[in-house]
2 protein chains.
Amino acid sequence: MEIVTSVRDMKARSRAWRKQGLSVGLVPTMGFLHPGHGSLVERSVLENSRTVVSIFVNPTQFGPGEDLESYPRDRDRDAAYMKSLCANVLFMPEPGEMYPPGFATYVEAPELGLRLCGASRPGHFRGVCTVVLKLLNAASPDRAYFGLKDAQQFFILRRMARDLDLDTSMVPCETVREEDGLAMSSRNSYLTPEERAVAPLLRKGLLAAEAYFRDGGREALKACAVVSETLAAEPRFSLDYAEAVAACDLRPVSRVSSETLLACAARLGRARLIDNIIFDPSGPSRKGRGGRPCW
Amino acid sequence: MEIVTSVRDMKARSRAWRKQGLSVGLVPTMGFLHPGHGSLVERSVLENSRTVVSIFVNPTQFGPGEDLESYPRDRDRDAAYMKSLCANVLFMPEPGEMYPPGFATYVEAPELGLRLCGASRPGHFRGVCTVVLKLLNAASPDRAYFGLKDAQQFFILRRMARDLDLDTSMVPCETVREEDGLAMSSRNSYLTPEERAVAPLLRKGLLAAEAYFRDGGREALKACAVVSETLAAEPRFSLDYAEAVAACDLRPVSRVSSETLLACAARLGRARLIDNIIFDPSGPSRKGRGGRPCW
């Protein structure tokens, strides 16, 4: 595995691979890698001749007062982990390489970015879209892999890829969870042992909402109330939002009649945790169809 | 010459050329082509194995009340002209092909877009950046050619290409002029014969400002006043702006100490004409260096 730190070198690798007719997969990350990232890398290694993992804690997607400085980092452990999964290149640019003096062009995130996390983190998806477009341009991948814990992020990036006529296929991947159901996240490291013990409540609330849907319930507000009521049992949790939106365009729905994303975010101690379920009233659960989303 | 109307087909052509190791030049236009465009195409044909000319009257760069509907069009004449210059592909997508239902991602133009034409045409450069990024992604050119009549546009697009790590080299090309000095523009067709007769006054004002600089004058405001005073002789002209900015970053300058863009826009009848000079106090005129800009 090679470590690359400049866009120019990354482009050179990618160009050479292309000339040899090799397919390329990209897994964009902010590092402090866990098995959730690992599952994306494994899939990329399986589906492409070459896999690039990028590690970049992207300053433009953090707002004032957010955890840019304290975001957990462990480059050596990340590198060893990625090497063990047979990644070919670890692309780790410094902020000044991605945003040199005079940098001034941003991608205006699709309107989908104004809801859910976009409402509580203004500018977040603008930063995400901008950096992912730059990473895609640096690595020229055939496929890029994203975890569905960040479902809204995936929908927005796929919209961007279609709108800007990119050549990369954006691949959504199932959320990987701890044994007790908590979605894996680098930010879980912020939790104290006591907070960690109650953290799976977020997932429990979402599963309760899913059960409500499966039992025939179709009221979006009611499903969201199920989540907030579940969290209310634990005063350390502070719900940021729970909202049901159409999976196709992230518009809010009142009654669930087509595939629906129920997403939520909640603060627990220093961490802001997010998770979601995707429910399709017209068919079997996504897992039942082999984990392939239908949108 | 082949006429291509879908992004998918354009990408297929471009991919096939790349596989054969052929270089590609792109000349993005809004059609109603004149020898100014022709000079860009000739240069592209000279410098690349294949040349794509795009014709697309881009709705997202027109503001309310601007001339989107009335923008002059003549597809047949354009096609014959481009064929005569040995362009290989004329890419003429319909608006619905470039902006299908649900389109929602835009490029936020660099701050350079807030001055000069950006001030009088809000959103204009956002539309320009978005469409040019899409055209670049469709044609994957090694080089893209732009006329310096639209100097601000060129600076903004070059900034975009650098910021987003695009592989295309953005090539500035000298403004082509009518015999009386008027910069060629599709919008010149809006002028009545009487207006056309006085139109070169804009160029005359700029040349007078250039003479002021060449004689040692360095006050930006004074140079701009030279332009407005020249235009004041003709009541049919209404100056939109005349502003001196640094060529490197388009920031306003008060004293001219490095390469400076003096740009202006003025209304004349139904037309809004733009033109500019670029003056370098430290060296010979750009033309003297073979027409190669130093920025």
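## A walk through the two-chain model

Let's begin with an open sheet of three strands in chain B, ordered β8-β9-β10 and paired in the antiparallel sense. Strands here, like helices, are DSSP runs numbered from the N terminus (E, at least two residues, for strands; H or I, at least four residues, for helices), and two strands pair if DSSP finds at least two bridges between them. The edges are β8 (237-246) and β10 (271-279) of chain B, each of which pairs on one side only. From one strand to the next, the twist averages 15°. Helix α10 (residues 220-232) of chain B packs on this sheet, where it touches β8 and β9 of chain B, and its direction makes about 160° with that of β8(B). Such axes are lines fitted to C-alpha atoms, for helices over the stretch in contact, and the angles run from 0 to 180 degrees between N-to-C directions. Within the sheet, strand β9 (residues 260-268) of chain B and β10(B) run antiparallel and are joined by nine bridges; Ala265(B), for example, stands opposite Ile274(B) in β10(B).

Before going on, please note that this is a predicted model, in which local features need pLDDT of at least 70, side-chain atom pairs count only at pLDDT 80 or more, and totals for chains, interfaces and linings use all residues. Residues are numbered from 1 along each chain as its sequence is written, while chains are lettered from A and ligands numbered from 1 in the order in which they are written.

Now look at strand β3 (residues 50-55) of chain B. Six of its six residues are buried, so β3(B) is largely enclosed by the rest of the structure. Buried means that 20 or more other C-beta atoms, placed from the backbone, lie within 10 Å of the residue's own. Arg50(B), Val52(B) and Ser54(B) point one way from β3(B), and Thr51(B), Val53(B) and Ile55(B) point the other way.

What are the partners of this strand? Strand β2 (residues 24-29) of chain B pairs with β3(B) in the parallel sense over six bridges, with Arg50(B) as the bridge partner of Val24(B). Right-handed means that, with the strands pointing away from the viewer, the path from the first strand over the helix to the second runs clockwise. β3(B) also pairs in the parallel sense with strand β4 (residues 89-91) of chain B, over three bridges, and Leu90(B) in β4(B) is the bridge partner of Val53(B). Together with helix α3 (residues 75-84) of chain B, β3(B) and β4(B) make a right-handed β-α-β unit.

Next comes the meeting of the chains. Here 22 residues of chain B are in contact with 22 residues of chain A, contact meaning C-beta atoms, placed from the backbone, within 7 Å. On the chain B side, β5 (106-108), α6 (124-139) and α7 (151-163) each give two or more residues, and α6(B) gives the largest share, four residues. Strand β5 (residues 106-108) of chain A pairs with β5(B) in the antiparallel sense over three bridges, and Glu108(A) stands opposite Tyr106(B).

Finally, chain A is assigned domain 1 (2-173) and domain 2 (186-289), with bounds from an automatic or database domain assignment. Their C-alpha centres lie 25 Å apart, and their contact takes 14 residues from domain 1 and 14 residues from domain 2 of chain A.

Note on methods: Contact = placed C-beta atoms within 7 Å. Buried ≥ 20, exposed ≤ 12 C-beta atoms within 10 Å, placed from the backbone.
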